[in-house]
Amino acid sequence: MTELGEYLRACRARITAEQAGMPTAGRRRVPGLRREELAALAGVSVDYVVRLEQGRAKSASPEVLTALARALNLRPDEEEYLLRCAAMNSAASRTRSAGAPASSVSPATRVLLDSMTGVPALVLGRRMDILAWNSLGAALFTDFAALPARQRNHIRLAILDPGVRGLYADWEKVAKECVSYLRMEAGRYPDDPALARLVGELSLKDADFRRWWSDHHVRAQSYGRKRFVHPTAGELSLDFQVLDVRGTTDQTLLVYTAEPASRSAEALSFLSGWAGSPRNAPQEYP
């Protein structure tokens, strides 16, 4: 079975007939839409849905995929992933995904990070690798400079590092979001060997990750809020934004901010002062 087939089946299992506006009378052996119901909603044959799910269809047009996405009530990012799954085996997709990620951060971006003294900030690359950070970003999460480069990965730390894992007041929610984001990355870069190694390591070492990865949820989240329980600053409720770094194809700037005059703003200010003291100043990142 292909990734497209697995994703279609997972999406079909998540939506009920009632949610799709279909009649709900009669006993159902499995949750979610039946194949014939999805076919009727999308305006395609049942046999075509079966062939897509079993990986026997050679291709699927964007029009059909869009119809399936609408029938399944997919969000825009979920529909994007569906389209990427369909293109995974094409030559254009493999050529696009074969390039090495940009792992170096420009001097201008480093200057920007260092100037952001009042907010925690990280530069993330492909696979949620942590490429650079400012002092407050290290103070909020961990001393990234003390970690081997291969361990500087946002989702790896959130899943496997007890210290970082314990920072999140809603760890399970955060971890699920990270897994969904990582699967979105897998759709963009299906041939990335480092991503495959990361998924393999996390699957081997964490049962929660294995379960969530098999659920095939995807997410492209550009903003939100996270609650932290920090050993030095206490409780913080911080808004985050994910911003594209111009001039790169796979680098983003992750910035956390606190609501002005809030308890979290006071805690963040305290943490900033603590991080700036000579004793606690982080090492230079490479």
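**Buried positions in a predicted model**

Cys 178 is buried, at a relative accessible area of 8%; buried denotes under 20% relative accessible area, exposed over 50%, and partly exposed the range in between, with a 1.4 Å probe and protein chains only. The structure is a predicted model, in which local features need pLDDT of at least 70, side-chain atom pairs count only at pLDDT 80 or more, and totals for chains, interfaces and linings use all residues. Residues are numbered from 1 along each chain as its sequence is written, and side-chain values use heavy atoms, with hydrogens and water left out.

Cys 11 is likewise a buried cysteine, with a relative accessible area of 4%. A disulfide is a covalent bond between the sulfur atoms of two cysteines; here the criterion is a pair of cysteine sulfur atoms within 2.5 Å. The number of disulfides in the structure is 0. For Cys 11, the closest cysteine sulfur belongs to Cys 85 and lies 8.7 Å away, so the separation is too far for a bond.

The discussion now turns to the helices. Helices are DSSP runs of H or I with at least four residues, strands are runs of E with at least two, and both are numbered from the N terminus. Helix α2 spans residues 35-42, and its buried residues are Glu 37, Leu 38, Ala 39 and Ala 42. Among the elements that cover these buried residues are α1 (3-14), α3 (46-53) and α4 (62-71). After α2 comes Gly 43, which has a positive phi near 75 degrees.

Helix α3 contains Glu 53, a buried residue whose relative accessible area is 0%. Its side chain forms a polar contact of 2.8 Å with the side chain of Arg 12, and the side chain of Arg 35 also joins that of Glu 53 in a polar contact of 2.8 Å. A polar contact is a pair of N or O atoms within 3.5 Å; within protein, one atom must be able to donate a hydrogen and the other to accept it, and residues adjacent in sequence count only if both atoms are side-chain atoms.

Where does His 216 lie in the chain? His 216 occupies the loop between α13 (207-214) and β3 (223-230), and its relative accessibility of 6% means that it counts as buried. Leaving aside residues up to four places away in sequence, His 216 touches Glu 3, Glu 6, Tyr 7, Ala 10, Arg 14 and Arg 183, where contact requires heavy atoms within 4.5 Å. His 216 and Leu 8 are separated by 208 residues in sequence, yet their C-alpha atoms are 9.3 Å apart in space. The side chain of His 216 also reaches the backbone oxygen of Ser 214, at 2.9 Å.
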